[in-house]
Amino acid sequence: MCGELPVFALTISGICAIILVTLKGWASFAISGFSPELISEPVLAALLFGGIYLILYKISKGKWVGDGDWILAGIIGLALGSPWLALVALFLSNLSATLVMYPLVKKRRSHKIYFGPFLVLAFVLTYTFADFFLSMI
């Protein structure tokens, strides 16, 4: 039970991501009218970010990635609203986990680490500096 992401927290996070995407979409619609990207980009970002971890979860049968991690990654991808930002968050989450995990693995061979905090950290960094990351494309 320890280390599992609570279903309630995931549900609230998903609802907040849907509200965020909806508000962003309404603002974009008010400024420039309807565009298919208003719907397709957040969905693609969720499928990309969550899908990568879902594949890892299925291949490893839950040993590499927990079942809540791929759901959280999908929610984060939806909230970011851009496939490019989802890729940045993917990179940052794995980089931060590697930087923390490397010294631990070097000392002891078997160590379990929870990935959810790294996903959240990557979301906060990516969302905070989204304009910077998008300007680099």
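What is the volume of the second largest pocket? In this predicted model, the second largest pocket has a volume of about 310 Å³. A search of the whole structure also finds five aromatic pairs.

**Second largest pocket**
- The lining of the second largest pocket consists of 16 residues.
- Nearest the centre of this pocket lie Lys24, Ser28, Glu41, Leu80 and Gly81.
- At least two lining residues come from each of helix 1 (7-32), helix 2 (37-60) and helix 6 (130-135).
- Sorted by class, the lining of the second largest pocket holds seven nonpolar, five polar and four charged residues.

**Aromatic rings**
- The whole structure contains five aromatic pairs.
- Phenylalanine 115 and phenylalanine 118 form a tilted pair, because their ring planes stand at 40° with the centres 6.3 Å apart.
- Phe49, Tyr53, Phe115 and Phe118 are linked into a cluster by ring pairs.
- Phenylalanine 115 has a relative accessible area of 13%, so phenylalanine 115 is buried.
- Phenylalanine 118 also counts as buried, because its relative accessibility is 11%.

**Glycine 33**
- Glycine 33 sits in the loop between helix 1 and helix 2.
- With a relative accessible area of 23%, glycine 33 is partly exposed.
- Apart from its neighbours within four places in sequence, glycine 33 is in contact with Ser28 and Leu38; Ser28 is also among the residues nearest the centre of the second largest pocket.
- Glycine 33 and phenylalanine 118 are 85 residues apart along the chain, and their C-alpha atoms are separated by 36 Å.

How values were computed: Residues numbered from 1 in each chain as written. Predicted model: local features only at pLDDT ≥ 70, side-chain atom pairs only at ≥ 80, totals over all residues. Heavy atoms only, no water. Phe/Tyr/Trp six-rings, centres within 6.5 Å; stacked < 30°, edge-to-face > 60°. Buried < 20%, exposed > 50% of the residue type's maximum accessible area, 1.4 Å probe, protein only. 1 Å grid on protein atoms, 1.4 Å probe; cavity = no way out; pocket = protein on both sides within 12 Å on 5 of 7 lines; lining within 4 Å. Points joined across faces, edges and corners; volume = space filled by probe spheres on them. Helix = DSSP H or I, 4+ residues; strand = E, 2+ residues; numbered from the N terminus. Nonpolar A, V, L, I, M, F, W, Y, C, P; charged D, E, K, R; others polar. Contact = heavy atoms within 4.5 Å.
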